[in-house]
Amino acid sequence: MAPGELAATAAPKAADMSIPSPAHDRLARRESAISALARLPASDILNDHEQAILAIEEARGLSPTPGPARWLVVIVKATRLCNLRCVYCRSWAEGPNQTMTFDVMARSVREALSMPNVHGVEFVWHGGEVTMLKPKVFRKFLWLQERYRQPGQEVKNSIQTNATHLTDEWIDFLHEFGMGVGVSIDGPPELNDRRRLDKDGRGTSSRIAGGIARLRQAGIPHAALVVIDREIIGAGPERLLGYLADIGLDKISFLNVLPENDPDDPEIVKSTYFTFPEYVRFLTDTFSVWWNSFRDRMEIREFRDFIQKMSVPKTSIGCLWMGNCMGRYVTLEANGDLAPCDKYRSDPGSILGNVMHSPMADIIRTSGYLADAKKEASDAKTRMAPCKWFHVCNGGCPHDRHLASRFGDAVEPGRCCGGAPLLDHMARTMGRTMERAGIRAGSSGLDNPAS
Ligand SMILES: C[S@@+](CC[C@H](N)C(=O)[O-])C[C@H]1O[C@@H](n2cnc3c(N)ncnc32)[C@H](O)[C@@H]1O
Ligand code: SF4
Ligand code: SF4
């Protein structure tokens, strides 16, 4: 995943409350639900054992080490258990100890929110499949957040789900707390049902479409994630976007499929590895179809982010184009292990430490793995800075560079992140439309550096 990138809709600011809208209703509902939850005494939300754990946790001193950045994203692997077996996925696990225990939950929420200098934390609930757990687990999570939140500190939550197990209880919970939901779906049934399979090997399209319909009926904001590989590309963008629009999805993001990081057989991994240039070609073809036929009814995150950054390069959006995600995006495993973003799963050395043994801020600040990754990012950015599109992509995702160097297919020996053909195409296409409409590129802010 790209992690914190999944939140479906930004929450409106309290200052905008004068204009009533579904988003404002949602914010008001969330604030009231959170305040009511925060007022509950521990005995109303925790069992005796959990209260005893909390007392021990709170008797422990906190590290004075400042956080890695003002804004931190924690991808919480609340459980690695999952009801599906998607063909490309290695994020699920089975057996004992796959679900976060209360001591890890209390420790990590307290540590993440108590770091000096951290003004906001986003918790992305991720798995495995979080809906395998009961919402009451996440109620405890939210209660802990309110207990440890520093004055003025912002806290966000979102979940990522396969949408096949959205029970009434889950729908009520997501509605009550106004939570954004990321839903995974790999396009129309003829594609999705070859890839997103349940434990018995059955396709999941109808169950996913049912889950999406329930979210829509309940007014819960949601965005879809589609994993892109050669099979999906084969279907063509018209079929892909057409189907997603037909089932009512209007916010989409495309993830390039990742190979195993620590393979048993490097040759098999290499044969299924999907290169970044292939992904960029897919986006380039899809952009034309989206621009001509879908742009008024569907938002595609990759295009939206690039268009925003072409206009205002300093816009801060998602992780992919920020250029310095390392230490700001961390994955928290059920046992308390801390890692960089989930894309690095199983990469040798990528477990940075364990929050049950060392303070979270200390782990992030002292990790040699992160220090090396930051140095790589800084060197890569220096190399790529002359690229005409650098102000938009900031060198791209470090994990994509990591893969490109592992498979020896870095674009223009490291001087371009690989996104330039897409950005050239986007600028040309949008420039032509503006020309036809009689708008000067400069006057719209969409200057075309490619021309
Ligand atoms: C690991 S899943 C966990 C959350 C939930 N079970 C779901 O499917 O949305 C998060 C996202 O990662 C995607 N994913 C899984 N394996 C992947 C891979 N090898 N490459 C790229 N994305 C992958 C999934 O399709 C999903 O969109
Ligand atoms: S539902 Fe999510 S975690 Fe489960 S196998 Fe599919 S992608 Fe992996
Ligand atoms: S490595 Fe960084 S930029 Fe790439 S997906 Fe992970 S957090 Fe985002």
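Which residue of β8 stands opposite Val 76? Leu 332 does.

This is a predicted model: local features need pLDDT of at least 70, side-chain atom pairs count only at pLDDT 80 or more, and totals for chains, interfaces and linings use all residues. Residues are numbered from 1 along each chain as its sequence is written, while chains are lettered from A and ligands numbered from 1 in the order in which they are written.

**View 1. Ten strands form an open sheet.** The order is β7-β6-β5-β4-β3-β2-β1-β8-β9-β10, and the pairing is mixed. β7 (299-300) and β10 (353-354) stand at the edges. Each has a single partner strand, so one side of each lacks a neighbour in the sheet. Strands (E, at least two residues) and helices (H or I, at least four) are DSSP runs, numbered from the N terminus. Two strands pair if DSSP finds at least two bridges between them.

**View 2. Strand β1 (residues 71-77) pairs with strand β8 (residues 329-332).** The sense is parallel, over four bridges. Here Val 76 faces its opposite residue, Leu 332.

**View 3. Strand β4 (residues 180-184) is largely enclosed by the rest of the structure, because five of its five residues are buried.** Buried means that 20 or more other C-beta atoms, placed from the backbone, lie within 10 Å of the residue's own. In a regular strand, side chains alternate between the two faces of the sheet. Gly 180, Gly 182 and Ser 184 lie on one side of β4, with Val 181 and Val 183 on the other. Both faces are covered.

**View 4. β4 has parallel partners in β3 (residues 154-161) and β5 (residues 222-228).** Four bridges join β3 to β4, and four join β4 to β5. Ser 158 stands opposite Gly 180. The chain crosses from β3 through helix α6 (residues 168-176) to β4, a right-handed β-α-β crossover. Right-handed means that, with the strands pointing away from the viewer, the path from the first strand over the helix to the second runs clockwise. On the β5 side, Ser 184 stands opposite Leu 225.

**View 5. Ser 184 is among the residues around ligand 2 and is also one of those that come nearest to ligand 1.** Around a ligand means that the residue's C-beta atom, placed from the backbone, lies within 6 Å of it. The ligand 2 shell also includes Cys 82, Arg 85, Trp 92 and Glu 129. Of the 18 residues around ligand 1, the nearest also include Cys 89, Ser 91, Leu 225 and Leu 258. β3 and β5 each give two or more residues to the ligand 1 shell.

Conventions
Buried ≥ 20, exposed ≤ 12 C-beta atoms within 10 Å, placed from the backbone.
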